Amino acid sequence: GSVAAARARVTEATAELQDATLSAGNARDAAKVAAEGRTKHEAAMSQFDAQKASLQAALESEEATLHAARVRSAQLDASMSESASRGKSLQALLRVPGVVGRLGDLGSVAEDYSAAADAAGGRMLDAVVVESVAVAQQCLKLLRQRNLGVATFLALDELEKLRGKIGQTPAGLTRLLDYVVCNERVLPAFFFVFRHTLIAPSMSV
């Protein structure tokens, strides 16, 4: 009887061991599945983060481009408004006796040197050339009365004293002024703006 009971206990223990082994295997399988799930989830999250960062960078780039376009548009609008205002002022000033004209309209240079002239002259090419300081004062009064903004004036009677300084170009050098074609009467005005600005054949000089 005791042998049978022992056999029964062995059989029962063997069954329990098999159940435990099966449970452990199932647990390992479940852990493996969970680990694989975590890996896939982490990979998906990493890919999502990368896509989000890429979209954010693209959005910031588009916003920067849009901002630059808006700034450029505002600058163009301001420039057009300024040009229109300047043109209106000039039209009114040209009716004043003694006003010769806009400096940039009173002379010319060869096309090869136009960019150099624009760079050297800048806004001074928009200056209004007048016969005398008295005429300039009349023009300033007119601008104030009609609320036409401001303008820069070059009075020829004051600039005439510069004529003796114009001189000749030193040997081997070329001045921008030497390429200006204008009436001799307004040459001092161009000299006042360009002075002895030199023309170089290349940037290496």
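Mentor: The secondary structure of the protein comes to six helices and five strands, and from the N terminus on these elements run α-β-β-α-β-α-β-α-α-β-α. Helices (H or I, at least four residues) and strands (E, at least two) are DSSP runs, numbered from the N terminus.

Trainee: What kind of model is this, and how are its residues numbered?

Mentor: This is a predicted model, in which local features need pLDDT of at least 70 and side-chain atom pairs count only at pLDDT 80 or more, while totals for chains, interfaces and linings use all residues. Residues are numbered from 1 along each chain as its sequence is written, and side-chain values use heavy atoms, with hydrogens and water left out.

Trainee: Why is Arg-175 called buried?

Mentor: Buried means under 20% relative accessible area, exposed means over 50%, and partly exposed lies in between (1.4 Å probe, protein chains only). Arg-175 has 2% relative accessibility, and therefore it counts as buried. Arg-175 is found in the loop between helix 5 (163-166) and strand 5 (181-182).

Trainee: What does Arg-175 touch, leaving aside its neighbours within four places in sequence?

Mentor: Contact means heavy atoms within 4.5 Å, and the residues in contact with Arg-175 include Gly-167, Phe-191, His-196 and Ile-199.

Trainee: What makes Phe-190 and Phe-194 a stacked pair?

Mentor: A pair of aromatic rings is described by the distance of the centres and the angle of the planes. Rings of Phe, Tyr and Trp (its six-membered ring) pair if their centres lie within 6.5 Å, and planes under 30 degrees apart count as stacked, over 60 as edge-to-face and the rest as tilted. The structure holds two aromatic pairs; in the one formed by Phe-190 and Phe-194, the ring centres are 6.2 Å apart and the planes are at 25°, so the pair is stacked.

Trainee: How do you know that about one helical turn separates Phe-190 and Phe-194?

Mentor: Phe-190 and Phe-194 are four residues apart in helix 6 (residues 187-194), which means that about one helical turn separates them. Phe-190 counts as buried because its relative accessibility is 4%, and Phe-194 counts as buried because its value is 2%.

Trainee: Why does Ser-132 count as buried, with a relative accessibility of 18%?

Mentor: The limit for buried is under 20%, and Ser-132, at 18%, therefore counts as buried. Ser-132 lies in the loop between strand 3 (128-130) and helix 3 (133-145), and it touches Ala-155 and Asp-157, not counting residues up to four places away in sequence.
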